[in-house]
Amino acid sequence: MNSTLLRTTAVRSALRAAAPSASKRAGLAGTTFVRGKATLPDLPYDYGALEPAISGKIMELHHKNHHNTYVTSYNNFITQLEEAQASSSIEAIQKQIALKPLINFHGGGHINHSLFWENLAPTSQGGGEPPTGKLASVINESYGSLDAFKEKFNTALAGIQGSGWAWLVQDVQTGAVGIRTYANQDPVVGQFRPILGIDAWEHAYYLQYQNRKAEYFKAIWDVVNWKTAEQRLK
Amino acid sequence: MELHHGKHHQTYITNLNAALKTQAEAVHTSDITTQVSLQAAIKFNAGGHINHSLFWQNLAPASSAEAKGSAAPQLVKQIKETWGDEEKFREAFKAALLGIQGSGWGWLVKVEIGNEQRLSIVTTKDQDPVVGKGEVPIFGVDMWEHAYYLQYLNGKAAYVENIWNVINWKTAEERFVGTRADAFKILKASI
Ligand SMILES: [Fe+2]
Ligand SMILES: [Fe+2]
Ligand SMILES: [Fe+2]
């Protein structure tokens, strides 16, 4: 992933690793191997910057609490996995396998939200401006028009039974784009490349829209950052 | 509670009735493809209706006599036999609820197979209902974010902690000593 957010994250973790407390901890552990921990990326805009589409209160809770919990839990379970991998006893392998869904969920939550923050932008920074270039052409070829695409995307969002995400994805083999929904925090990996994702968990809209989720799905297009989406397309 | 009942639960019922109507037409015209394609919508919306109907009944105001464990002597006895004590049961139930990834429910279920009967903590995803053979739902806790978000925000552990104050043990006892048909009789009344 060549996103600004994750570059920022790398810089931040480097800074943290250099901080006295971190090096002290590494020293105490008596090891020279220090894995880079996942960190909560800064938002590229203020919490209130996506209003009125998404309230500042939602953005703050969503980023500082929800996303941060995924980061913390992911780090915790990866550490447990590393410990479990030190042995190949039956118990250790059971533990490794039991950790897989937890890493999928929390690691997925971390990367989904990191990509989501980046594929949104305040209108003052280009949010809602229609795509241009290659992304515009593939959307028009596949869906007829941007409006027709949004309508299909919103139908997919509305059809999610429970918590999940809808993504515009690109097939890594054929290059074709499509709309896919993912349950819970299942990440877009493998055959598909994430281009644009919308969070359909209730925490993403409930404080502002309550059960009127169709209104949230309609409003979010005002703050979609199509430039970022375009950069993800190959 | 008002939104949850008036909007969410109502939406499941509205969508269920629409799906059942379409299904009746598809049955009438022997359109098997349509019948099969409706299954997911029926399961989801019927599940939402069943789960919420059972949920409202297994809650009670904290100050009421129904909200005391003493209203469920036989159930509490078997809980103690199964988990050791009530505290261990609550811990196990809480861990199950907090382990749900995404939307779902946690249930205390009585499972009856032949002459054998046991209690079990079960979690289900989205609106999947507890309707398996021999399964009697005793009480359920809604772990969708809409159930707690306006009050607890992301603090779902506090929601789970406080839900114990409003469990209707009288209803739970009735479902525990009764049959599967007894537990679901509210649904017959409401359709
Ligand atoms: Fe989210
Ligand atoms: Fe949810
Ligand atoms: Fe609910």
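In this predicted model, chain B contains an open sheet of three strands, arranged in the order 2-1-3 and paired in antiparallel fashion. Strand 2 (116-125) and strand 3 (135-142) of chain B each have a single partner strand and stand at the edges, so one side of each has no neighbour in the sheet. From one strand to the next, the twist averages 20 degrees. As a general point, strands of a sheet pair through backbone hydrogen bonds, in either a parallel or an antiparallel arrangement.

The pairing of strand 1 with strand 3 can be followed in detail. Strand 1 of chain B covers residues 104-113, and seven bridges join it to strand 3 of chain B, the two running antiparallel. One of the residues involved is K110(B), whose bridge partner in strand 3 of chain B is V136(B).

Helix 4 of chain B, residues 73-83, lies across strand 1, strand 2 and strand 3 of chain B. Its direction makes an angle of about 80 degrees with strand 2 of chain B.

Strand 3 of chain B also holds E135(B). Is this residue buried, partly exposed or exposed? E135(B) has a relative accessible area of 24% and is therefore partly exposed, since buried means under 20% and exposed means over 50%. Which residues does E135(B) touch, once neighbours within four places in sequence are left aside? The contacts of E135(B) are V109(B), K110(B), V130(B) and R180(B). As for K77(B), 58 residues away along the chain, its C-alpha atom is separated from that of E135(B) by 19 Å.

Another part of chain B carries an annotation from a record. UniProt, in an unreviewed entry, places the feature "domain: Manganese/iron superoxide dismutase N-terminal" at residues 1-60 of chain B. In the model, that span is 87% helix and 0% strand, and its end C-alpha atoms lie 12 Å apart.

Chain A can be described as a whole. Its secondary structure comprises nine helices and three strands. Read from the N terminus, the elements of chain A follow the order α-α-α-α-α-α-β-β-β-α-α-α. Of the 234 residues in chain A, 49% are buried. Among contacts in chain A with a separation of 6 or more, 70% are between residues 24 or more positions apart. The accessible surface of chain A is about 11400 Å², and carbon and sulfur atoms contribute 55% of this surface.

How values were computed. Residues are numbered from 1 along each chain as its sequence is written. Chains are lettered from A and ligands numbered from 1 in the order in which they are written. This is a predicted model: local features need pLDDT of at least 70, side-chain atom pairs count only at pLDDT 80 or more; totals for chains, interfaces and linings use all residues. Side-chain values use heavy atoms; hydrogens and water are left out. Two strands pair if DSSP finds at least two bridges between them. Helices (H or I, at least four residues) and strands (E, at least two) are DSSP runs, numbered from the N terminus. Axes are lines fitted to C-alpha atoms, for helices over the stretch in contact, and angles run from 0 to 180 degrees between N-to-C directions. Contact means heavy atoms within 4.5 Å. Buried means under 20% relative accessible area, exposed over 50%, partly exposed in between (1.4 Å probe, protein chains only). Accessible areas come from the Shrake-Rupley method with a 1.4 Å probe; for residues, only the protein chains shown count as cover. UniProt positions are given in the numbering used here, feature names are shortened, and annotations may be inferred rather than shown by experiment.
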